[in-house]
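Please look over the structure shown here together with the briefing that follows. The points are grouped by topic.

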Amino acid sequence: MIQPADFLTLVLILLSAIVAGRLLAPYIVKIFTHAPSRLDRFLDPVEKAIYRLLGVAPSHGMGWREYFLSALIVNIFQMILAFIIFVFQGGLPLNPQGFPGFSLDLAFMQVISFGTNTNLQHYNGEGVCNQLPNCYPLNNTPGLSYLSQMTAVQFLQFTSATTGICVAAAMIRGFVANSRDMGNFYTDFVRSLTRLFLPLCLIAALIFVGLGVPQTLNGYRIVSTLEGSTQTILVGPVASLVSIMQLGTNGGGYYGANSAYPFQNPNPASDIFQIFLMLLIPTALCFVYGQMLGKKKEARPILWGAYSLFAIDLLIAFIPNYTLSRGMEARFGGFFSTFWTVVTTAVTTGSVNSSLFGNHPLVILSAFMGMLIQSSPGGKGVGVMYMVMYVVITVFIVGLMSGRTPEYLGMKINARDVKLVMLTFLVHPVIILVPTVLAYATGAASAIGVSTGSTGFTQIFYEFTSAAANNGSDFLGATGNTPFFNISTALVMLSGRFIPIGLLLALAGSMMNRRRTSEIGLRTDSATFTIVLVGSILLLVVLTFFPFLALGPILEFFQKRVNGF
Amino acid sequence: MSLTKEIGRNSTPAIRLAVVSMLLCGLLFPLAVTGFAQVLFPSQANGSIAHFTTSNSKAVGSYLIAQNFSDPLLFEPRNSSLSASGVDPDITLQDAIAQVPRISNLTGIPQGDINDIINQNVEGTFWIFGSPYVNVLRLNLALIHNFQTIYEQKDPGLFVL
């Protein structure tokens, strides 16, 4: 059970994220509605110069298909650039440790991982230490050069987060009454970068440095310890990466141990700030939804639905007693380790501040819930999109039950809409369950030494769930660096990212200019509807995944109960 | 408009946007952060390097990264396989207090004095929040400086510069 002081800490962090999200929302709306802002004086000339350089007409409005295609093509080119950096880093500058380039399948998997906002990592960014804690000598195994950390990892972390928020804005435009088009992807992308991500990350990065996170281009420092042995201090451009990896709900760390590594997360203050950053924009987007629609009340089921599901995740995770256990850091203890695991999966960031192996099966079950639901409040942009998908499904179910034509925002929901949302929903089970089974059927799971039984099953199921949800936390880490896991997770991440985005943009496209009635049918901004929404989501997700959850964390829980912890 | 036409029309701006965003987010941003960080917080930006004394510049590691202490006269960090990072620089307050009798017996420093040093170095709590922990390197440096003559006598190797 949770201690009172810890409960208060948790509530205060969540409240501050909600308040800050509410305050940030009007600013985000201005970015996408091109409303005048005080920043225009400085940023307008910069943005216009970029549009000229790109050769795009900012006033050109796109339909859903062109918006989706341009997002997809830009993302593909960005991944290709990062791929080149990963493969050739050995011969490129800013590589003080002289790390060799990545193998082709690892580079392929990693660019897709970062490009889809997933951030599964089958490598240790800092290299592999032979001997902990002194880390000397450092093995010459695939680590990342500073150039790769910057121009491949941080680069894709920025662009995938930006893409997420852009497609969400485009989808919302489809639902807005009387909108003529879904916007222009290039202007959305440039404006989100110059006005939202770059300035916020600059501030956040400097706060992190102040709290102790390194930011230097000098190579690793070798020192003689107090007792005279040799130690490698693994510094680098860490703070700039941490800012975007949390704010962009990416989650890919500078170090293999992610935010458990003291340089990436030095104290409880930096830990709380990282949790806050993860929650900030997904929460703000719930408000943005209502404000862009011009119906602020419609943000209620999105926000409170998300936070109710989040509360359920927290309830499950905090059933067992938590304490500083194996695989956790002393400065975070049991509470911050458990809280982090729930947050990072609820917003599908995927960063970790403890080893997942150290977590209780119920905490892992809660992590699964976050990743399977994907909108509590979910990742950057896509969390809101999934929540709207659940709203449409719920409207349809309620319509069936009451025998009325389902309506949302005064628009009739037709058969094609329902097909689109059901297809979107079904993508997830297919791309999680099929590869999990394949990993066992082909022997790929046993090849990397995953134990048989519920613990091993949890690890494999978690890997593909994390990949499909574009989360990125995992049990496998660098042991997953085999062709089977690199290629299978890459395909799962790609499908889990772009198929739902494409389908939901198509849905929004068909909503555009649909006739709206002013008569109020089903009220979707009420508390009753939110309760039905949360109930439907739980029912859909639990029914779909229960057999797999039962074989994994649930079975593990009962086995540990019988055998003792 | 046809699909191929939409793809064709967007290819050139897409390549250019990819390059521009790479330069902006991957190069300009981290370099700007590095510049500001090195000016504003030089110590943290370079890895919170610990020095033996404030007057002498000998680096003895980083406050944020655990190091081996095999000397029973000093506080020991957690076994590296117990933490998530393998380099957990801190121990819990209880863990530190549990080591006091051993250090006191071997060095002859009164337990109360060692407890005082621990209490001066407790971190991680704020009002009613948090759980207390101490940084092992900070603790050991404080011990050595407060009881320099004892450590010079018992473990002269620590003072070789």
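How many Å apart do the C-alpha centres of domain 1 and domain 2 of chain B lie? In this predicted model, the two C-alpha centres are separated by 44 Å. The division of chain B places residues 3-43 in domain 1 and residues 47-159 in domain 2. The points below turn to the interface with chain A, then to a sheet in chain B, and finally to one residue of chain A.

**Interface of chain B and chain A**

- The interface brings 75 residues of chain B into contact with 79 residues of chain A, and the area buried between the two chains is about 6400 Å², with carbon and sulfur atoms giving 70% of it.
- On the side of chain B, the residues that lose the most area to chain A are B:L17, B:M22 and B:F29, which together account for 11% of what that side buries.
- Between chain B and chain A there are 3 salt bridges, and one salt bridge between these chains pairs A:R65 with B:E6, whose closest N and O atoms are 3.3 Å apart.
- Polar contacts across this interface, with both residues at pLDDT 80 or more, amount to 23 residue pairs.
- Two or more residues each are given to the side of chain B that touches chain A by helix 1 (3-40), helix 2 (42-45), strand 2 (59-62), strand 3 and helix 6 (136-146) of chain B.
- Of the elements on that side, helix 1 of chain B gives the most, with 29 residues.

**A sheet in chain B**

- An open sheet in chain B is formed by 3 strands in the order 3-5-4, and their pairing is antiparallel.
- Strand 3 (90-92) and strand 4 (122-123) of chain B each have a single partner strand and stand at the edges, so one side of each is left without a neighbour in the sheet.
- Strand 4 of chain B is joined by 2 bridges to strand 5 (residues 133-135) of chain B, and the two run antiparallel; opposite B:Y133 in strand 5 of chain B stands B:E123.

**A buried threonine in chain A**

- A:T436 has its place in helix 13 of chain A, which spans residues 415-441.
- Because its relative accessibility is 0%, A:T436 counts as buried, the cut-off for that class being under 20% relative accessible area.
- Leaving aside residues up to four places away in sequence, A:T436 touches A:F457, A:I460, A:F461, A:F464 and A:F548.

Notes. Residues are numbered from 1 along each chain as its sequence is written. Chains are lettered from A and ligands numbered from 1 in the order in which they are written. This is a predicted model: local features need pLDDT of at least 70, side-chain atom pairs count only at pLDDT 80 or more; totals for chains, interfaces and linings use all residues. Side-chain values use heavy atoms; hydrogens and water are left out. Two strands pair if DSSP finds at least two bridges between them. Helices (H or I, at least four residues) and strands (E, at least two) are DSSP runs, numbered from the N terminus. Buried means under 20% relative accessible area, exposed over 50%, partly exposed in between (1.4 Å probe, protein chains only). Contact means heavy atoms within 4.5 Å. Domain bounds come from an automatic or database domain assignment. Buried area is the accessible area (1.4 Å probe) that two parts lose on being put together, summed over both. A salt bridge is a side-chain nitrogen of Lys or Arg within 4 Å of a carboxyl oxygen of Asp or Glu. A polar contact is a pair of N or O atoms within 3.5 Å; within protein, one must be able to donate a hydrogen and the other to accept it, and residues adjacent in sequence count only if both atoms are side-chain atoms.
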